[in-house]
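Dear colleague,

I am passing on the structure below and would be glad if you could look through it alongside the notes that follow. Please read the notes with the coordinates open.

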Amino acid sequence: MPVESVVTGILSSIIHSGLRRPFQSFVGTHGRLSEIDRALTDSGDLDDPLHRGALDDLIKVIGNRHGEYSQGVKCFLDDLNNSAIPDALKEAAVIGSSTEGAYAAFELMYRSHGELPFDARKFFNSFNTAIQQRVKKKVEDEGILEILQAHSAELAGRIETLHDCMIQAQDIPPMSQRQYDALRLKTAKGIEQEHKQISVETTQGAKKVTIDKLVLPARLQLVSDEESFPSPHRDSDNVHRPTTSFLKFRREFKKAIILGDPGGGKTTLTQLLCFELSKSVRLQASNSNSKHFEPQDLQLPFRVVIRTFENRLAKDASYNLFKYLVDELSIFADFEEGQARSFIQQSLILGKAVLIFDGLDEVLNVAARRDMVRRIERFALKYSACPSLITSRIVGYRDAPIADDFQLLTLSRFNEAEVEKYSERFIRTVKNETASEAKESAKRFLRETETSASDLRVNPLLLGLMVFIFSVKGGVPNNRPEIYKECSLLMFEKWDQRRAINFEFPKDFDLLDLFGYLASEIFGAPETEEGVDEGWLEEKLRAFFDNWYVSGG
């Protein structure tokens with residue numbers, strides 16, 4: 001195949017995906033721009049001719065000076081496609097803003113690939129022109145120019161932050177692509193290994209299970225306005241609110257915060273995200289010609305466990321989020337610190353990573369949580385080429401909310417089908433039953449808990465605790481206080497140990513029934529689940545102890 005055809009085809013793919021991807025990044029948070037999203041993400045015809053003059057220049061540079069389409073050129077074009085540069089050019093084309101920030105990032109990538117058979121500035125200009133022409137045609141064809149102009153200031157703010165991120169490329173020396181790719185693969189393998197398994201308690205001790213064999217991908221619901229802000233008691237997530245699949249969310253989000261219940265699966269979601277992304281990076285490295293990977297599948301997950309970061313910050317006031325990433329990746333991939341810093345900087349500036357901040361709610365002091373929010377917002381803004389995801393509990397979130405340019409979503413509770421499927425998987429894991437045996441056991445578990453705990457089963461943590469009790473003891477208590485009591489014991493003695501939370505019951509402690517009683521009074525009711533006051537708690541304690549002393553303890 002002539003080099004002109006090969007290069008034209010590849011650039012068609014890059015430009016098409018560059019148009020298809022990025023609008024979801026800022027339109028998703030602004031429902032009134034959904035028409036723009038629909039128009040500019042329409043797949044169209046991939047064979048449409050692009051701006052011929054720009055491509056002719058590009059083809060002359062590559063064809064006449066190099067003579068053939070080399071592996072080095074292919075690697076550069078693939079790398080370009082998997083960066084945030086097409087996004088930056090496309091968004092700049094929408095309102096005609098400067099692209100110099102994108103050029104700084106482009107030049108960093110160009111230099112990292114060593115000697116290439118074309119001039120960096122000329123290639124960039126040609127590529128930029130081709131994208132501008134495609135965007136212009138798309139806008140005119142769909143008749144949405146007036147909508148874009150009406151919201152140009154809003155779009156300009158988004159583009160400016162992306163420009164500021166990419167222009168930082170001027171200040172860092174490029175890491176060679178060979179070295180970068182080697183470190184990227186090494187990092188991906190380390191992250192995948194770190195997140196691939198979760199522990200499940202059995203009668204023989206903790207059992208490691210590959211995460212995707214047990215965990216169900218989350219369903220997410222968009223919080224569109226203040227009136228739809230969720231409460232912990234959500235009537236099984238209101239069937240009238242549409243849900244988004246985990247895969248769709250993973251490939252489309254730009255800045256998002258996911259709210260959920262305690263034990264609702266927030267940390268598990270981030271663990272699954274880290275596992276799937278790092279696995280995709282590893283698989284793509286060994287199948288570089290495969291067309292099955294979307295660019296969003298190949299972003300490395302950089303996860304910050306906020307509780308851990310807060311502890312380190314308490315010991316060293318100068319500690320920051322970038323240093324946290326350096327420390328963590330040095331563990332995962334056995335980096336030298338200088339290597340880690342260069343690798344992380346290049347990844348963040350080129351948009352080749354996903355930033356994950358897990359557990360905002362675990363900063364208990366409200367003032368400290370607000371400070372943490374400011375740190376995260378500044379970091380996400382500085383590296384806006386990368387998607388950013390934050391998780392938090394619903395209760396207390398409004399005491400220290402994130403900036404409103406973050407898309408707000410809630411983590412759905414399990415529906416009936418998911419309760420049954422998770423129960424089957426858990427039973428197979430704990431009891432080593434066959435698929436058919438686990439299915440029958442799960443049905444028996446569902447029958448036993450239908451009356452007393454059907455609303456508790458929708459919470460992944462409580463479901464796992466109850467299935468474990470069912471598997472070990474052959475049944476589940478038939479009243480809610482006893483269920484909470486058994487679950488509390490299991491959490492204190494088993495689950496919390498895995499999170500480095502060590503708890504020992506005092507030797508004379510015989511009031512565990514009180515936990516079950518209070519839990520049964522608090523959870524499941526909308527008026528108490530968001531929190532109770534001192535008067536309510538005093539009243540319930542009096543009622544419990546009156547009964548306790550009357551019955552003889």
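**Cysteines, the sheet and helix packing**

Cys386 is buried, since its relative accessibility is 1%. Please keep in mind throughout that this is a predicted model.

Searching the whole structure for disulfides gives 0 of them. Cys386 accordingly takes part in no disulfide, and the nearest cysteine sulfur, which belongs to Cys165, is 6.4 Å away. A disulfide is a covalent bond between the sulfur atoms of two cysteines. Cys75, for its part, is partly exposed, because its relative accessible area is 33%, and the cut-off for buried is under 20%.

Turning to the sheet, 7 strands make up an open sheet with mixed pairing, and their order across it is 4-3-9-5-8-7-6. Its edges are formed by strand 4 (243-245) and strand 6 (300-305), each of which pairs on one side only. On average, and with direction ignored, neighbouring strands of this sheet are turned by 30 degrees against each other.

Within the sheet, strand 5 (residues 255-260) and strand 9 (residues 407-411) run parallel and are joined by 4 bridges; here Ile257 stands opposite Leu408 of strand 9. Strand 6 and strand 7 also run parallel, with 6 bridges joining them, and Phe302 is placed opposite Leu355 in strand 7.

Is strand 6, as an edge strand, largely enclosed or open to the outside? Strand 6 is largely enclosed by the rest of the structure, because 6 of its 6 residues are buried. Both of its faces are covered, with Leu300, Phe302 and Val304 buried on one side and Pro301, Arg303 and Val305 buried on the other. Helix 16 (residues 321-333) lies across strand 6 and strand 7 (353-358), and it runs at about 110 degrees to strand 6.

As for helix packing, helix 11 (residues 177-195) packs against helix 14 (residues 266-286) at an angle of about 140 degrees, and their axes are 8 Å apart. That angle makes helix 11 oblique to helix 14, as roughly antiparallel would require an angle over 145. The crossing of these two helices is left-handed. On the side of helix 11, the contact is made by Arg184, Leu185, Ala188, Lys189, Ile191, Glu192 and His195, while the residues that helix 14 contributes include Gln271, Cys274, Phe275, Ser278 and Arg282.

Helix 6 (residues 85-95) is mostly covered, with 10 of its 11 residues buried. Among the buried residues of helix 6 are Ile85, Pro86, Leu89, Ala92 and Val94, and also Asp87, Lys90 and Glu91. Just after helix 6 comes Gly96, which takes a positive phi of about 70 degrees.

Finally, Tyr484 is located in helix 22 (residues 480-493), and this tyrosine counts as buried because its relative accessibility is 5%. Although Tyr484 and Leu465 are 19 residues apart along the chain, their C-alpha atoms are separated by 9.7 Å.

With best wishes

Note on methods:
Residues are numbered from 1 along each chain as its sequence is written. This is a predicted model: local features need pLDDT of at least 70, side-chain atom pairs count only at pLDDT 80 or more; totals for chains, interfaces and linings use all residues. Side-chain values use heavy atoms; hydrogens and water are left out. Two strands pair if DSSP finds at least two bridges between them. Axes are lines fitted to C-alpha atoms, for helices over the stretch in contact, and angles run from 0 to 180 degrees between N-to-C directions. Contact means heavy atoms within 4.5 Å. Buried means under 20% relative accessible area, exposed over 50%, partly exposed in between (1.4 Å probe, protein chains only). A disulfide is a pair of cysteine sulfur atoms within 2.5 Å. Angles under 35 degrees count as roughly parallel, over 145 as roughly antiparallel, 65 to 115 as roughly perpendicular and the rest as oblique. A crossing is left-handed if the near helix is turned anticlockwise from the far one by less than a right angle, and right-handed if clockwise.
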